[in-house]
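Please work through the exercises below with the sequence and the model side by side. Each task is followed by a solution that goes step by step.

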Amino acid sequence: MNAAKRFRLADPLAILLVALALLAIWQLASSLYFDANVAPQFRAGAISGADPTVPAEMRVVQMKLPLPNLVLSALVNPENAAQLWLAGLITLRSAVIGFVVGGVIGFGLALLMVQSRLLERSLLPYAIISQMVPVIALGPIVYSIFKDENVARILIAAYVTFFPVTVNTLKGLRSVDPNALALMTSLAASRRQVYWLLRIPSSLPYVFQALKIAATASVIGAIVVELMGAQQGIGVTILRTQYYGPANAYKLWGAIVVASLLGLLFFRVVAIAERIALRWQPEFRSASA
Amino acid sequence: MMTRTIPAVLVFFALLAAWQLGVFHALFRLKAFQLPYPLDIAQALVDRSDVLARDAFQFTGLEAVAGLVIGAVAGFGCAVLCASVPFLRRGLLPIAASLNSIPIIAISPIAVLWLGFGQPSKIAVVALMTFAPMVVNAFKGLYSIDRASLELMESLAASPLDVFWRLRLPHSLPYVFSALKIGATLAMIGALVAEFFNAQRGLGVTLSTNIQVAKMPIAWAAIVVAAVLGLVLYAVVGGIERALIPWHVSIRSRE
C-alpha cells in the first residue's frame, strides 16, 4: 500500500514545470528552425503560408515545426476554432457511443461465459487473439460495407472496446476471494446475491483497466475510419488541411492538438469514473486520505 | 490441452462454413462485392502471394519491427532517467504516460513532411506509439524493487551502477517484455494506419487501394496477412521473453 502511494506521486507543480519546459524547447527549436531556413524578406509570407511568391521550401517550414503560440491562437481564433472543435466533437460522439455499446456487450458476454465453460472455450481464444492482431485494419472494410460514416465509426469503436472488456471482465469475475465466496455460500446467499455483492464488484478493477485501454483505442478507431473518406470529423480535418498545404499549417496542427486532447479527455473521464466507482480500493483510499 | 481447444477450432470452421455458404450475406443483406467469400480470399492470397509477402516483410513488418526497437530503446532510456531523477519522476513520467492516451497516428502527415513518403516516416510513427507503454512499464520494473534487496546491496557497499545492473535491470525485464508485447500489437497498428495516410507500398497501401477499386478479396487477403504478421511478431517477443527470463513466475507457472 505504501508502494502504491509512492507510485502515484504525480506532482502537479512538477508536471507543470516539465510541460512548460517542453513547450519552451518547442518554441525555441521552432524559432531557430524558422530563422535558419527562411530568408528575412520572406518571413511574414512564410508565417501566413498563403503568399505564393515565397519559395515552397520556406512555406513548408511552419507546417513541419510551427511556433506553438500560433498553433494555440488557431485553436481559439473564431475563424478555425468552431470548425476544429465541432469536428472533434463529432469524432468523440461516435467514439463514446461505440465505447458504451462495446463495453455493455463485452460485459454481458463475459457474464455468459462465466456461466458456461463451453461458451468460454469456444469464444475466449478469439477475444485473446484479437488483442494480438491489428483489428483496426478492419476499419476501411467496415466503412466500405456500410457506407455510413457514423455507423462505421461506432462499429469500430465498439469492436475495439468489446474484446479487452470481455477478457478482463471474465478474469475479474473469476478472481473472487475464495474466503468471501465460502462465507457467502455458508450464509446461503443466492446465486444472484453472489453476483451482485461479490463477483461483479470484484470484477470492476479489471473492467476499468480494460475501459481505460478502450477509451483511447475507440478514439483511434474512429479516426482511422475517417481517413477512408468520411465527410466530417477530426480525422477528416487532419487529412484535408494536410492536402491544402502550408496556408493551413496552424489549422493542421490545431487539429492534431484537438485529436490528442480528445484521447486525453476521454481517458481522464474514465479514470475519474474508476476512482468514483472503486473508492473502496486501497490505491484510491490512500490517495484521497 | 488439445481437447480444450476443440470448441474454439469447431467454432472457427463453423463460422467459415456459414460465411462461405452465404449465411452472413443473407442475414445482413450483403452482396459478394461488399463481403467476399472465404474461398475468394484464399484465392487472392495465393494469386497475390508475391505482392503480399513483399508488403509484409519488406514494408509493413520491417517498419513495425524497426519502430518497435527504436521506441522501446528510447522509452527504456526515458524510464531510467525518471527512475534516477526524482524531479523527472514526478514531472516527466506523468507526461510520458499520458502519451498513451493520445492518438499518435494523427501526426502521420507531419512525419511524412519531415521524413518523406517512404519507410522512415512510418518507423517514426511506430516508435512514437510504442514509446509510452515502454516508459510506464520499464519505470515500474526499475522502481518497484524489493526494499530488502536494495538495503542488502547498500549495506554491502554496492555502487549505484551495481544496483542498476544486478538488481534494477533484471527486475525490470518482465515489465519490459509486457511493454514489448503491447508494443508489438501497437506497432502493427501504427505501421498499417501510417500507410493508410500516405505511402507507396505496404499492407496498408494494398488494403486501402484495393478497397477503393472494390477488389475486396485482395483487401481481405491483406487483412489476413496483417493479422498473421501481428501474431508472429507477438509470438517472437514471447519467445525471446521465455529465452531471456526463464526464472520469472509468469513463465514458470505455465509449465
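This is a predicted model: local features need pLDDT of at least 70, side-chain atom pairs count only at pLDDT 80 or more; totals for chains, interfaces and linings use all residues.

Residues are numbered from 1 along each chain as its sequence is written, and chains are lettered from A and ligands numbered from 1 in the order in which they are written.

**Exercise 1.** Find how many residues of chain A are in contact with chain B, and describe that side of chain A by class.

Step one takes the contacts (C-beta atoms, placed from the backbone, within 7 Å): 45 residues of chain A are in contact with 44 residues of chain B. Step two asks for the helices (DSSP runs of H or I, at least four residues, numbered from the N terminus); those that each supply at least two residues to this side of chain A include α2 (12–37), α12 (191–227) and α14 (249–277). Step three sorts the side of chain A that touches chain B into 35 nonpolar, seven polar and three charged residues, where Ala, Val, Leu, Ile, Met, Phe, Trp, Tyr, Cys and Pro count as nonpolar, Asp, Glu, Lys and Arg as charged, and the others, Gly among them, as polar.

**Exercise 2.** Determine whether Ala188(A) and Ala157(B) are buried or exposed, and where each of them is placed.

A residue is buried if 20 or more other C-beta atoms lie within 10 Å of its own, exposed if 12 or fewer, and partly exposed in between. Ala188(A) is in the loop between α11 and α12 of chain A, and it counts as exposed because it has 7 C-beta neighbours inside 10 Å. Its phi is near 60°, a positive value in a residue other than glycine. Most residues other than glycine have a negative phi. Helix α11 (residues 178–186) of chain A lies largely in the open, because the number buried among its nine residues is zero.

In chain B, Ala157(B) is in the loop between α8 (147–155) and α9 (160–197); its phi is near 60°, and it is exposed, with 7 other C-beta atoms within 10 Å.

**Exercise 3.** Identify which residues touch the most other members of the largest nonpolar core.

A nonpolar core is a set of buried Ala, Val, Leu, Ile, Met, Phe, Trp, Tyr and Cys residues joined through C-beta atoms within 7 Å. The largest has 146 residues, and among those touching the most other members are Ile223(A), Phe139(B) and Ala222(B). Its largest share, 17 residues, comes from α9(B).

Terms used
Two residues are in contact if their C-beta atoms, placed from the backbone, lie within 7 Å.
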